[in-house]
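Please examine the sequence and the structure shown below.

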Amino acid sequence: MGFLRTYNAVIVLIAINGVLAYSMYAVLIAGQLSLAQAAFASIAAYTSALLTIEAGLPFPVVVVIGVSAGAVTALVLGLPILRLRGVFLAIATLGFGEMVRIVALNLEVTGGAQGLRPIPKVVTIWQAYLALALCAWFFWRLRPTRLGLGLAALRADEVAARAMGVDTVRYKLFAFTVSGAMAGLSGVLFSHFTRFIAPGQFGFERAVDALLYAVVGGTAHWVGPFLGAGFLTFLPELQRQLGIEAGWLRPFLNGLILLGVILFVPAGLSGLGRRLGLARRPRPAASAAPARAATPTPTPGSVESVTEAVTQPTDPGVDRRPDTLVRLVGVEKDYGGVRALAEVGLDIRAGEILGLIGPNGAGKTTLVNAITGLTPVTGGSVEVLGTPIRGLPANRVNALGVGRTFQQVKLFDDLTVRENAIVGGHRVTRPTFLRRLVFLPAAARDDRDNAARADRVLARVGLLDRADAPASSLAYGDRRRLEIARALCGQPRLLVLDEPAAGMNHVEAQRLGALVGAIAAEGVTVLLIEHNVRLVMSVCTRVVVLDFGRVIADGDPDEVARHPEVLRAYLGQAAT
Amino acid sequence: MQQVANGVFLGSIYALFAMGYTLVFGVLDLLNLAHSAVFMLGAFIGLQLVVAAGWPLWAAVLGAIAAGGLLGVLIDRVAFAPLRRRADAHFAGLISSIALAIILGAVALGVFGPNSRRFPQGTFPGGRVEFAGASLSVLQLVILVLSVALMLGLDWLVRSSRLGRAMRAVAENPRAARLLGVDVERVTLITFALSSALGAAAGTMFALAFNLIRIEMGLAIELKGLAVIIVGGMGSLPGAMLGGLVLGLAEVFSIARIGSGWRDAVAFGLLFAILLLRPQGLLGRKAVREV
């Protein structure tokens with residue numbers, strides 16, 4: 001116990017800084033950068049200190065209020081900003097941090113530059129570590145859940161995450177609010193441990209400290225923030241012992257460490273640990289998949305009846321099986337002077353495999369983005385499954401039952417192959433985080449079921465043996481197939497494939513054609529955009545040709561192949 | 001009227017500083033958070049050239065600008081170039097540039113010490129100019145003219161020169177620009193150098209105008225620069241000029257109204273209001289980046 005007493009301050013500070021590190025971790029795992037962690041901590045520190053000094057409230061009550069203050073502040077700040085690109089959050093939070101410091105300097109109740117003292121010292125070593133453990137527990141439970149994987153997907157590729165049905169704005173808001181709450185917690189602990197707070201303690205340097213702890217610790221594993229805070233809180237102590245303590249040395253070292261880690265070890269200390277086999281990533285149901293074979297599996301071969309989607313409760317109950325899945329009327333899209341789509345009228349009927357072809361720049365991808373809600377159109381109307389999608393974000397369009405792949409493969413590279421597929425099932429799965437937080441077995445079962453379902457789809461495209469590999473390690477053709485599997489996991493009613501055969505050889509393309517046929521045979525409507533005309537002609541039931549943003553032909557494959565306009569578009573004027 | 005003159009003067013320095021941010025953001029789609037460190041170092045280098053090396057003021061200003069250009073090269077090479085091929089280059093670039101800013105700040109602290117510095121007396125001429133009821137010192141007037149000239153020069157460069165055309169091509173689509181024979185690496189490097197040269201210029205001018213040089217001056221200007229580019233529109237050069245003007249005037253008038261303690265809060269107020277009402281900024285276009 002002598003050790004605990006001698007180093008009591010450092011040991012408690014490690015926990016307090018660790019909590020602050022977790023608050024940064026909360027936003028980093030969503031791929032966001034916040035520089036307001038110190039500001040949230042400051043708001044909570046002042047609020048709680050004043051409540052303790054002036055109102056004499058008991059400490060637990062003060063903690064709750066302080067944490068809420070941090071969370072609410074983050075929520076209010078995040079609401080208008082998280083809709084925008086990530087860089088705006090960095091800027092706005094940087095500004096907010098400065099703003100809070102100025103307010104604390106200028107108000108009377110905060111004691112201005114003199115600060116606030118004395119605050120009763122009530123935080124014990126055990127309380128500090130209890131708080132730290134709570135934060136760690138939160139993230140330990142989070143990762144394998146639907147929410148945790150959704151956040152990881154958002155961080156890896158925001159556009160793809162949205163197309164898989166992840167409500168990215170809400171997810172970011174969640175992450176940011178959690179980060180505000182945890183920063184608040186660290187602020188309360190700090191003020192009730194050091195007995196004195198002043199605006200200077202919560203300035204830009206403190207915000208950078210939070211970043212430093214979280215980045216050095218690494219986001220690869222939930223233990224990271226604790227490692228980072230531990231190491232960096234102890235470092236100055238070590239310097240003191242060694243007697244190397246110039247005023248500029250500490251920031252210099254901090255900057256150097258931060259730069260080195262972000263450039264060369266982006267996974268941080270916890271990532272290093274994993275590389276050395278010290279920490280295993282929680283693998284959702286890696287081995288549980290076969291064990292759950294008792295769940296009603298559809299006939300072998302078809303692997304998973306994709307039409308099951310129709311009976312899912314998440315479906316909008318407007319029109320059970322409309323004949324027309326997508327209706328475009330007079331759709332126009334302008335890109336500052338360039339007309340990508342001009343008065344496109346198009347119906348996609350249930351059960352068909354519609355091929356969409358056209359020369360480069362004909363507007364095919366723009367059309368796909370208009371249907372999937374990624375690009376708002378400038379004119380006309382787009383109706384998907386009976387719902388007009390004007391102004392609807394991509395995740396809502398996905399929720400209607402639209403799955404897609406991308407012309408340039410957009411996988412979640414730092415997730416495993418299986419996790420990619422699980423995220424694809426976002427639309428048809430239930431949230432599990434809150435239940436897993438309290439160890440309800442049903443939630444873990446749900447996650448296992450989702451993994452099992454993902455495995456069945458992976459088996460179907462022939463990727464099951466790579467399920468635990470990171471998606472980034474896949475070869476090009478496998479990446480394309482994983483994208484299709486990911487979209488299929490959402491059990492879509494309409495599957496949009498944007499040039500799935502690009503870069504594939506003849507044999508691979510043929511196999512792809514067979515897969516598309518099999519998917520359609522299960523009742524999934526397919527929109528296939530391709531340059532490989534032979535593939536389109538062989539699998540599609542109807543073909544639409546786009547040229548310069550206009551539909552120039554529409555009919556069954558043979559008819560279209562003979563259409564004079566099509567020949568002209570593809571072969572030039574002379575061919576007519 | 002005097003207020004307006006002061007506001008315009010202040011705004012011109014803010015704008016000059018913010019041009020550096022917006023140039024890198026507009027061309028390379030990167031936010032360089034080490035820009036504020038260049039501002040601070042520019043001021044110190046200008047001072048050292050006068051005090052320690054005994055250069056005349058005009059040469060010291062030019063020297064600081066040149067040193068700023070070199071710092072820009074350093075920033076690109078150290079903080080951004082290693083990330084070029086990484087999927088998280090944007091995100092990691094924010095962090096690596098913060099890290100480099102901290103390192104540069106620490107170096108400045110080590111070399112120049114924590115105390116604030118001043119130019120020796122008589123470095124610049126006195127005298128005032130009266131114009132339409134406002135009074136500016138000769139120095140202020142020179143700074144104002146120089147800032148505006150630098151900004152217009154940059155704007156002309158980007159709009160009309162061959163280099164500017166290459167920059168705009170890179171801004172539109174780096175991959176296509178490379179295919180068309182633009183040396184993207186070189187354009188990137190030049191963009192950083194130009195941006196930092198402007199940052200250092202703004203730093204020396206700010207130091208001259210207020211005759212106060214401190215390590216913390218970088219941090220203080222950072223928020224203002226970011227507010228300026230948000231107000232004007234991210235990546236828009238005319239927007240940065242307009243934004244600087246708006247911020248300069250807003251600050252001067254609010255100091256008169258609510259006291260100088262709140263002066264630095266004005267920038268955040270403006271920034272947040274614009275993010276709420278018009279996130280693309282006054283002169284910015286809505287993002288048209290596609291998948």
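## A covered helix

Is helix 16 (residues 394-401) of chain A mostly covered or mostly uncovered? In this predicted model, six of the eight residues of helix 16 of chain A are buried, and the helix is thus described as mostly covered. The buried residues are A:A394, A:N395, A:V397, A:N398, A:L400 and A:G401.

These buried residues pack against several elements of chain A, among them helix 8 (158-163), helix 15 (364-371) and strand 4 (379-384). Strand 5 (387-388), strand 6 (402-404) and strand 7 (494-498) of chain A also belong to this set of partners.

## The sheet

Strands of a sheet pair through backbone hydrogen bonds, either parallel or antiparallel. In chain A, six strands form an open sheet in the order 6-7-8-3-9-10, with mixed pairing. Strand 6 and strand 10 (550-555) of chain A are the edge strands, each pairing on one side only. On average, neighbouring strands of this sheet are turned by 20° against each other, direction ignored.

Strand 6 and strand 7 of chain A pair in the parallel sense over three bridges. Within this region, A:V402 stands opposite A:L494 in strand 7 of chain A. Helix 15 of chain A packs on the sheet, where its contacts include strand 3 (353-357), strand 8 (525-529) and strand 9 (542-547) of chain A. The direction of helix 15 makes about 150° with that of strand 7 of chain A. Helix 16 of chain A packs on the sheet as well, touching strand 6 and strand 7 of chain A; its direction makes about 115° with that of strand 6.

## Cysteines

Over all chains, the structure holds zero disulfides. A:C135 is buried, with a relative accessible area of 3%, and A:C540 is buried, with a relative accessible area of 7%.

Definitions and conventions:
Residues are numbered from 1 along each chain as its sequence is written. Chains are lettered from A and ligands numbered from 1 in the order in which they are written. This is a predicted model: local features need pLDDT of at least 70, side-chain atom pairs count only at pLDDT 80 or more; totals for chains, interfaces and linings use all residues. Side-chain values use heavy atoms; hydrogens and water are left out. A disulfide is a pair of cysteine sulfur atoms within 2.5 Å. Buried means under 20% relative accessible area, exposed over 50%, partly exposed in between (1.4 Å probe, protein chains only). Helices (H or I, at least four residues) and strands (E, at least two) are DSSP runs, numbered from the N terminus. Contact means heavy atoms within 4.5 Å. Two strands pair if DSSP finds at least two bridges between them. Axes are lines fitted to C-alpha atoms, for helices over the stretch in contact, and angles run from 0 to 180 degrees between N-to-C directions.
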